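Colleague: I am new to this one. Could you show me how to read it, feature by feature?

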Amino acid sequence: MHGVEILGFYDLTGVVRYLEGKTSGIEMHMEENEKILEESERILDFKDVKGQDELIEAVVLAAAGGHNMLMVGEPGCGKTMIAQRIPTILPEMTEEECLEVTKIYSISGLLPNGHTLMKYRPFRAPHHNASLNALIGGGANAMPGEVSLAHNGVLFLDELAEFSRRTLDALRQPIEDKKVSISRVNGTHTFPSNFMFITAMNPCPCGYELFYIRI
Ligand SMILES: Nc1ncnc2c1ncn2[C@@H]1O[C@H](COP(=O)(O)OP(=O)(O)OP(=O)(O)O)[C@@H](O)[C@H]1O
Ligand SMILES: [Mg+2]
């Protein structure tokens, strides 16, 4: 990481000894950290998807332009599995983007075990029963919601027709402004919310109809 000097310590005693000038500070080799990060390599891949050439072409176009997308199709045609794979074809995050995502996950207490940096674009798929606070952000201490946890990545609303109108309306502002402000008695907190918005649904409640794609 440019502009950041990283020293590795096994424990706080090592930090204290370093601050007292008793050690050079390099107790842990950084390759060990890299190894931990590499273990998180994603296992999802578009090669698992059979057929659906037209849909995949649309997905590639949407990913290239950062467009939002609605997939409408019958049950089991692969909408969810394709949506889950979209972050894998987005460009790698810049260092600045990695830090933005890491900060959001850090304050939310969601940094995966052993990780110091979020290297991959997030994929968030909140359930249609998720509360507005969980989606937009909120709570007593104004924590980031799903729109911010998906920042620089993908927010996927599966079974879009099951989401309430109130929930969908609440998404308008974060999508348009790419940031969300949450006011609480102790102040106003602004979190970024710049994500690719991917949605999927069946054509009707029974599930079956002709398949089509709309970007
Ligand atoms: N095109 C495909 N290639 C490979 N496997 C597929 C494909 N489509 C579906 N499958 C398999 O079927 C399973 C169900 O697919 P998926 O959940 O993506 O369907 P869906 O379109 O989201 O259905 P639903 O409308 O019920 O949510 C997948 O986990 C995968 O194993
Ligand atoms: Mg599905």
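Colleague: Is F123 buried, partly exposed or exposed?

Modeller: A word on the model first. It is predicted, so local features need pLDDT of at least 70, side-chain atom pairs count only at pLDDT 80 or more, and totals for chains, interfaces and linings use all residues. Residues are numbered from 1 along each chain as its sequence is written, chains are lettered from A and ligands numbered from 1 in the order in which they are written, and side-chain values use heavy atoms, leaving out hydrogens and water. Now, burial: buried means under 20% relative accessible area, exposed over 50%, and partly exposed in between, using a 1.4 Å probe and protein chains only. With a relative accessible area of 26%, F123 is partly exposed, whereas F156, at 2%, is buried.

Colleague: How many aromatic pairs does the structure hold?

Modeller: Rings of Phe, Tyr and Trp (its six-membered ring) pair if their centres lie within 6.5 Å; planes under 30 degrees apart count as stacked, over 60 as edge-to-face and the rest as tilted. Here there are two pairs. The ring centres of F123 and F156 are 5.8 Å apart and the planes stand at 35°, so this pair is tilted. It links distant parts of the chain, 33 residues apart: F123 belongs to strand 2 (residues 123-124) and F156 to strand 5 (residues 154-157). Helices (H or I, at least four residues) and strands (E, at least two) are DSSP runs, numbered from the N terminus.

Colleague: Why is the pair of F195 and F197 called edge-to-face?

Modeller: Their planes are at 70°, with centres 6.2 Å apart, so the pair is edge-to-face. Both F195 and F197 are buried.

Colleague: Which residues of helix 5 are buried?

Modeller: In helix 5 they are E97, C98, V101, T102, I104 and Y105. These residues cover an arc of only 165° around the axis (taken from the directions from the helix axis to the C-beta atoms), which puts them on the same side of helix 5. The face turned away from that buried side carries the exposed residues E96 and K103.

Colleague: What covers the buried residues of helix 5?

Modeller: Contact means heavy atoms within 4.5 Å. The cover includes strand 2, strand 4 (143-144), helix 7 (146-149) and strand 7 (187-192).

Colleague: Which polar side-chain atom lies 2.7 Å from an oxygen atom of ligand 1?

Modeller: A polar contact is a pair of N or O atoms within 3.5 Å; within protein, one must be able to donate a hydrogen and the other to accept it, and residues adjacent in sequence count only if both atoms are side-chain atoms. The atom you ask about belongs to K79. A backbone N or O atom of M81 also lies 2.9 Å from an oxygen atom of ligand 1.
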